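Please examine the structure shown here alongside the briefing below. The notes are grouped by topic for reference.

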Amino acid sequence: MRKRILVVEDDISVQKMVGYHLKDNYEVTLVSDGWEAVYKLYNEDPAIDLILTDIEMPELNGLELMEILDETSGLNQIPVIVMSSLIGEQASLDLDFQNYYGAIPKPIVPTELFLKIEEAFVSKMG
């Protein structure tokens, strides 16, 4: 069974690009904001295995989404990778969430994205 990834991104071009690069290896669900992600997470079956989220979104942003996940039993075990133009090439974000598994800078480089996703899956299993 393929791993399921939820992509939370309000920029449709970024959303489509990430979905395109992941679709051959993962089952991908695309949503445009944090509230839509919360709805999917509470109502989807089977469960999501990993979340890729933008930080800067209208309505419920990525950090607010991570707060909700962090405080929700069951959802706080899903690894979250942040995608953001706010971080530099070598920088990361110092976020204190139990489900935070790193960040990837925008514009997204597909090979870096795959590496970060696999690192999150390996570290969650280990």
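Predicted model: local features only at pLDDT ≥ 70, side-chain atom pairs only at ≥ 80, totals over all residues.

The protein contains four helices and five strands, and their order along the sequence is β-α-β-α-β-α-β-β-α. Among its side-chain features is one aromatic cluster made up of Tyr26, Phe114 and Phe121.

**Overall fold and dimensions**

- The radius of gyration is 13 Å, close to the 14 Å that the globule rule gives for 126 residues, so the protein is as compact as a globular protein of that length.
- Taken along the principal axes, the box filled by the C-alpha atoms is roughly 35 × 30 × 30 Å.
- Of the 126 residues in the protein, 44% are buried.
- Among contacts with a separation of 6 or more, 59% are between residues 24 or more positions apart.
- The accessible surface amounts to about 6,800 Å², and carbon and sulfur atoms contribute 50% of that area.

**Aromatic cluster**

- Two aromatic pairs are found when the whole structure is searched.
- In the pair Tyr26 and Phe114, the ring centres are 6.4 Å apart and the planes meet at 25°; the pair is classed as stacked because planes under 30 degrees apart meet that criterion.
- Tyr26 belongs to the loop between helix H1 (12–22) and strand S2 (27–31), while Phe114 belongs to helix H4 (residues 110–125), so this pair ties together parts that are 88 residues apart in sequence.
- Tyr26 has a relative accessibility of 5% and therefore counts as buried, the cut-off being under 20%.
- Phe114, by contrast, has a relative accessible area of 22%, so it is partly exposed.
- In the pair Tyr26 and Phe121, the ring centres are 6.2 Å apart and the planes lie at 45°, so the pair is tilted.
- This pair also links distant parts of the chain, with Tyr26 in the loop between H1 and S2 and Phe121 in helix H4, 95 residues apart.
- Phe121 is buried, its relative accessible area being 6%.

- Thr72 is located in the loop between helix H3 (62–70) and strand S4 (80–84).
- With a relative accessibility of 15%, Thr72 counts as buried.
- The side chains of Thr72 and Tyr42 make a polar contact at 3.5 Å.

**Backbone features**

- As a point of reference, most residues other than glycine have a negative phi, and most peptide bonds are trans.
- The peptide bond from Lys106 to Pro107 is cis, and its omega is near 0°.
- Pro107 is placed in the loop between strand S5 (100–105) and H4.
- Glu59 is not a glycine, yet its phi is positive, at about 65°.
- Glu59 lies in the loop between strand S3 (50–54) and H3.
- At 65% relative accessibility, Glu59 counts as exposed, because the cut-off for that class is over 50%.

Conventions: Residues numbered from 1 in each chain as written. Heavy atoms only, no water. Phe/Tyr/Trp six-rings, centres within 6.5 Å; stacked < 30°, edge-to-face > 60°. Helix = DSSP H or I, 4+ residues; strand = E, 2+ residues; numbered from the N terminus. Buried < 20%, exposed > 50% of the residue type's maximum accessible area, 1.4 Å probe, protein only. Rg over C-alpha atoms; globule rule 2.2 N^0.38 Å. Contact = heavy atoms within 4.5 Å. Areas by Shrake-Rupley, 256 points an atom, 1.4 Å probe, with all protein chains shown as cover. Polar contact = N/O pair within 3.5 Å; in protein donor to acceptor, adjacent residues only side chain to side chain.
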